[in-house]
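Please find below some comments on the model under review.

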Amino acid sequence: MEPVVAQTLAHLQEHWAEPMTLQDLAQRWGYRVSYLIQRFKAVTGQTPYQTLLHLRLVHAQELLRTTPRTIVSIAHEVGFNDHSHFSQVFRQKLGLT
């Protein structure tokens, strides 16, 4: 796997709940945002942002299944600043409200 992709994927998997932007990721290793997106998508079939959303939704699903916590608290824990955006993405990607 290309270093830029491996580094980015490892960072996403380790820090999925933290706030981050594509600019942050690209600067971390000295790449342009467009290069990072292009290489990541060529190797994984998804953009870094799509991968980050997937990781956050996987963890959110687990919390929703296993805890009595509110959607608002789970949304914030998995890295969404706005619970309504979380609900919208959750519905779009998983077909569930």
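1. Salt bridges. The model is predicted, and a search of the whole structure finds three salt bridges. They are taken in turn in the points that follow.

2. Glu2 and Arg39. Glu2 pairs with Arg39 in a salt bridge whose closest N and O atoms are 2.5 Å apart. Because Glu2 lies in the segment before H1 and Arg39 in helix H3, the pair ties together parts that are 37 residues apart in sequence. Glu2 counts as partly exposed, with a relative accessibility of 24%, and Arg39 is likewise partly exposed, at 22%.

3. Glu62 and Arg65. In this salt bridge the closest N and O atoms are 3.3 Å apart. The two residues are three apart in helix H4, so about one helical turn separates them. Glu62 is partly exposed at 38% relative accessibility, whereas Arg65, at 60%, counts as exposed.

4. Glu77 and Arg69. The closest N and O atoms of this salt bridge are 2.4 Å apart. Glu77 is partly exposed, at 38% relative accessibility; Arg69 is partly exposed as well, at 32%.

5. The nonpolar core. Which members of the largest nonpolar core touch the most other members? Of its 23 residues, these are Leu12, Val78, Phe80 and Phe86. Helices H1 (3-15), H2, H3 (33-44), H4, H5 (71-77) and H6 (83-94) are the elements that each give two or more residues to this core. H4 gives the most, with six residues.

6. Val78. Leaving aside residues up to four places away in sequence, Val78 touches Trp16, Ala17, Arg56, His59, Ala60, Leu63 and Phe86. Phe86 is itself among the core residues that touch the most other members.

7. Thr47. This residue is placed in the loop between H3 and H4. Is Thr47 buried or exposed? Its relative accessibility is 17%, under the 20% limit, and Thr47 therefore counts as buried. Apart from residues up to four places away in sequence, Thr47 touches Ile37, Phe40 and Lys41.

8. The largest pocket. This pocket holds about 210 Å³ of space. Helix H2 (22-29) and helix H4 (48-66) are the elements that give two or more residues to its lining, and H4 gives the most, with four residues. The lining comprises 15 residues, with Met20, Thr21, Tyr49, Leu52 and Arg56 lying nearest the centre of the pocket. By class, nine lining residues are nonpolar, four are polar and two are charged. Arg56, one of the residues nearest the pocket centre, is also touched by Val78.

Methods:
Residues numbered from 1 in each chain as written. Predicted model: local features only at pLDDT ≥ 70, side-chain atom pairs only at ≥ 80, totals over all residues. Heavy atoms only, no water. 1 Å grid on protein atoms, 1.4 Å probe; cavity = no way out; pocket = protein on both sides within 12 Å on 5 of 7 lines; lining within 4 Å. Points joined across faces, edges and corners; volume = space filled by probe spheres on them. Nonpolar A, V, L, I, M, F, W, Y, C, P; charged D, E, K, R; others polar. Core = buried A, V, L, I, M, F, W, Y, C linked by side-chain atoms within 4.5 Å. Buried < 20%, exposed > 50% of the residue type's maximum accessible area, 1.4 Å probe, protein only. Contact = heavy atoms within 4.5 Å. Salt bridge = Lys/Arg side-chain N within 4 Å of Asp/Glu carboxyl O.
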